[in-house]
Amino acid sequence: MVTVTVPATGADEVVDLVSAHIRFDTSNTGDPATTKGEAECARWVAERLAEVGYQTEYVESGAPGRGNVFARLPGADPSRGALLIHGHLDVVPAEPADWSVHPFSGAGKDGYVWGRGAVDMKDMVGMTIAVARHFKRAGIV
């Protein structure tokens, strides 16, 4: 299990969340029998949101283990339309031997977070979680 400590700043929280997210090997091989990690990762996302008061729903679709998380922050005017923010948790498989830093380490090196998904969606999901947590903590709707 990955744990995330409460960071000193919003930027620290994003780094912690992105690093933790990368440590989940959510390699999508295209074959449901060998695709892994999404269910565990989706539950981790749900826990990060629940920690600050979101009610979350975990749903599998497409194939067993293809986890999805739904959470809602109601706006000030329920008659207005909603804004949907979404991202994906899976990544293209990576061979550790081909990397200078392990692809599922989430290591901080040279001022960057390294790993599979660091610049393709795992970074954005980490930032989205951090913003959603901030909104909930601050009472922003």
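Hi everyone, let's start with what covers the buried residues of α2: the cover includes α1 (10-22), β1 (56-60), β2 (67-71) and α3 (122-138). Buried here means under 20% relative accessible area, with a 1.4 Å probe and protein chains only. Helices (H or I, at least four residues) and strands (E, at least two) are DSSP runs, numbered from the N terminus.

A word on the source: this is a predicted model, where local features need pLDDT of at least 70, side-chain atom pairs count only at pLDDT 80 or more, and totals for chains, interfaces and linings use all residues. Residues are numbered from 1 along each chain as its sequence is written, and side-chain values use heavy atoms, leaving out hydrogens and water.

Which residues of α2 are buried? They are E38, A39, C41, A42, W44, V45, A46, R48 and L49.

Now for the partner helix. The axes of α1 and α2, lines fitted to C-alpha atoms over the stretch in contact, come within 11 Å and cross at roughly 160°. That makes α1 roughly antiparallel to α2 (angle over 145 degrees). At this meeting, L17, A20 and H21 of α1 touch C41, W44 and R48 of α2, contact being heavy atoms within 4.5 Å.

H21 counts as buried because its relative accessibility is 0%. Beyond its neighbours within four places in sequence, H21 is in contact with C41, W44, L89, K122, V125 and G126.

Terms used
Buried means under 20% relative accessible area, exposed over 50%, partly exposed in between (1.4 Å probe, protein chains only). Axes are lines fitted to C-alpha atoms, for helices over the stretch in contact, and angles run from 0 to 180 degrees between N-to-C directions. Angles under 35 degrees count as roughly parallel, over 145 as roughly antiparallel, 65 to 115 as roughly perpendicular and the rest as oblique.
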